[in-house]
Amino acid sequence: MYERARGTDSPWDAYLQLLPDRESVPLVWPADEAECLLAGTELDKIVKQDREFLCEDWKECIEPLLLSGELDVDPDDFSLEKYFSAKTLVSSRSFQIDSYHGFGMVPLADLFNHKTDCEHVHFTSASDASDSDGEDADDDQSDASADDESTIENPTSSSPGSKDEDLEMIIVRDVNEGEEVYNTYGTMGNAALLHRYGFTELDNQYDIVNIDLALVTKWCTSIFSSRHTRARVSLWRNLGYSGCTSQDTEYFEIAYDGEPQLELLILLYIISLKPDVYDKLICVAHDFVSDEEHAAICNVVKFVKATSSNQNFEVNGLEKLPDVKKSLHSESICSALLSLADMRESLYGSSTLEDDEKELQACRIVNERKVYHSLVLRVSERRILHRLRKFASSGSKAKKRKHP
């Protein structure tokens with residue numbers, strides 16, 4: 001905002017003249033339009049929270065600065081609307097340069113569009129580029145892919161005036177004459193791409209769907225009592241488990257292939273335990289907590305099997321994880337997953353996946369950019385829920401075949 005307000009006095013004026021006023025990311029879509037287009041998606045709550053946080057930032061940081069009169073600028077250049085516009089440019093164009101400069105906007109480097117796993121170029125410091133001279137392009141590509149959050153390869157802690165301040169563009173994949181040259185913004189799903197950059201990709205393998213813990217407890221309370229729900233969640237936590245967290249929300253991820261996060265399956269397993277087995281388990285649960293990954297659930301499954309068959313339980317010799325995962329694919333857990341998929345799907349409204357797919361097919365990105373990208377996000381998320389149902393149904397069918 002400040003450099004734009006300086007106009008031709010800014011050393012960055014020529015660069016700023018090349019930039020749009022703002023990028024069309026959901027943050028600056030009209031509120032009613034964003035609420036309609038993003039309903040049920042991973043961005044639904046996030047965009048609303050973003051607006052609230054930015055308004056608070058402006059009131060706490062920018063408004064007092066304007067009222068103080070310390071800046072010799074036109075207040076209109078520092079309005080809330082201009083603040084939102086600046087945010088969209090920083091969000092969509094900045095990246096981690098190195099440990100000295102931190103995040104920044106780099107002329108030329110931000111001209112390249114993104115393509116997941118098919119980029120042609122990376123940007124690197126001059127010293128890193130010379131170090132890699134003579135290496136195969138494939139080696140360069142694998143090294144550069146290690147940093148998912150940056151388009152700069154192997155960032156260094158350069159200081160002003162050193163040759164490391166120069167960035168070099170290196171080719172990591174052959175490109176034919178006349179083809180567009182792509183960079184990569186990292187391995188991101190469509191929710192992240194639309195949120196930060198304002199676009200999506202069809203069939204993005206990094207897409208996920210989140211199921212909030214609150215949705216799981218709501219389902220559990222509808223089947224069991226509130227006391228049952230609280231007790232089972234408490235045991236799950238005491239065993240050292242938790243979901244992912246973001247902005248005070250705890251949730252579980254459903255992967256692109258429809259497989260649920262292991263922590264969700266473990267929670268559903270504990271919720272579905274018979275009362276007598278649960279009562280015995282809580283007496284020994286503290287002995288199962290371990291720093292070793294998955295050791296707790298392996299011990300729990302072994303204990304439950306021993307208790308259910310009236311055998312003595314011994315801590316020595318854990319259940320193998322593949323066998324544990326079979327126990328976490330039981331008919332009761334699969335039934336719960338199907339219910340959770342239905343509850344999560346209901347957040348999208350009355351339209352079906354097929355309705356959204358037809359609308360997407362008829363949509364033209366040039367004329368209906370917001371509608372198109374929001375539909376790509378909705379369709380990709382709902383297809384993941386469809387795969388989650390297939391994952392759950394496969395477990396239910398397997399059990400029925402074993403027990404006709």
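Val-216, Leu-268, Tyr-269, Ile-297, Leu-328 and Leu-337 touch the most other members of the largest nonpolar core, which has 50 residues. H11 supplies the largest share of this core, nine residues. This is a predicted model: local features need pLDDT of at least 70, side-chain atom pairs count only at pLDDT 80 or more, and totals for chains, interfaces and linings use all residues. Residues are numbered from 1 along each chain as its sequence is written, and side-chain values use heavy atoms, with hydrogens and water left out.

**Core**

- A nonpolar core is a set of buried Ala, Val, Leu, Ile, Met, Phe, Trp, Tyr and Cys residues joined through side-chain atoms within 4.5 Å.
- Leu-328 touches Leu-262, Leu-265, Ile-266, Tyr-269, Ile-297 and Ile-333, not counting residues up to four places away in sequence. Contact means heavy atoms within 4.5 Å.
- In soluble globular proteins, nonpolar side chains tend to be buried together.

**H9 against H11**

- Helices are DSSP runs (H or I, at least four residues), numbered from the N terminus.
- The axes of H9 (residues 213-223) and H11 (residues 262-271) come within 12 Å and cross at roughly 20°. Axes are lines fitted to C-alpha atoms over the stretch in contact, and angles run from 0 to 180 degrees between N-to-C directions.
- H9 and H11 are therefore roughly parallel to each other (angles under 35 degrees).
- The crossing of H9 past H11 is right-handed (the near helix is turned clockwise from the far one by less than a right angle).
- From H9, Leu-213, Val-216, Trp-219 and Cys-220 meet Leu-264, Leu-267, Leu-268 and Ile-271 of H11.
- This contact of H9 with H11 has eight nonpolar, no polar and no charged residues. Ala, Val, Leu, Ile, Met, Phe, Trp, Tyr, Cys and Pro count as nonpolar, Asp, Glu, Lys and Arg as charged, and the others, Gly among them, as polar.

**H10 against H12**

- The axes of H10 and H12 (residues 275-284) come within 12 Å and cross at roughly 40°.
- H10 passes H12 in a left-handed crossing (anticlockwise, by less than a right angle).
- Ala-231, Arg-232 and Leu-235 in H10 meet Pro-275, Tyr-278, Leu-281 and Ile-282 in H12. The residues of this contact divide into six nonpolar, no polar and one charged.

**Thr-229**

- Thr-229 is found in H10 (residues 226-238).
- Thr-229 is buried, at a relative accessible area of 5% (buried means under 20%, with a 1.4 Å probe and protein chains only).
- Thr-229 touches Thr-217, Cys-220 and Thr-221, not counting residues up to four places away in sequence.

Conventions:
Helix = DSSP H or I, 4+ residues; strand = E, 2+ residues; numbered from the N terminus. Parallel < 35°, antiparallel > 145°, perpendicular 65-115°, else oblique.
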